[in-house]
Amino acid sequence: MRYCLGVHFPDRLSNDNLYARAKVAPATLTLACNRLRIVGHAIRRPELPLSIILHPNNQATEAYRRGGALRRTYLAQLIGDLNAINLTIKDAFRVAQNRTEWQRLVGSVK
């Protein structure tokens, strides 16, 4: 994106200014919005088991890794996205049943 905007090495431009100049949202917000949107669909579909996402074995393991932090599971990422809009998983199940309210909350992520 920097190359498309003509920002080269000696020039300094913060990411916030870069996103404002390009008039796009950061990818992390777009991904969070998409994750929340698909979880809302999954909650409203009774035939789709959410046990795959919310299963307790779906946790990061402390197995040997080459380095860095533990991998984030889908559940941990989802909990972080819900915390960003001040919801718990229990509240998300209640709110997602009302589609318009869920769309309003998911739209507030952007």
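User: What should I know before reading the values?

Analyst: The model is predicted, so local features need pLDDT of at least 70 and side-chain atom pairs count only at pLDDT 80 or more, while totals for chains, interfaces and linings use all residues. Residues are numbered from 1 along each chain as its sequence is written, and side-chain values use heavy atoms, with hydrogens and water left out.

User: How many helices and strands does the chain have?

Analyst: Helices (H or I, at least four residues) and strands (E, at least two) are DSSP runs, numbered from the N terminus. The chain has seven helices and zero strands.

User: Is R94 buried or exposed?

Analyst: Buried means under 20% relative accessible area, exposed over 50%, and partly exposed in between (1.4 Å probe, protein chains only). R94, in helix α6 (residues 89-96), has a relative accessible area of 54% and is therefore exposed. Of the 110 residues of the chain, 25% count as buried.

User: At what angle do α6 and α7 pack?

Analyst: Axes are lines fitted to C-alpha atoms, for helices over the stretch in contact, and angles run from 0 to 180 degrees between N-to-C directions. For α6 and helix α7 (residues 99-107) the angle is about 125°, with the axes 7 Å apart. Angles under 35 degrees count as roughly parallel, over 145 as roughly antiparallel, 65 to 115 as roughly perpendicular and the rest as oblique. The two helices, α6 and α7, are therefore oblique to each other.

User: Which residues make the contact?

Analyst: Contact means heavy atoms within 4.5 Å. From α6 come A92, V95 and A96, and from α7 come R99, E101, W102 and L105.
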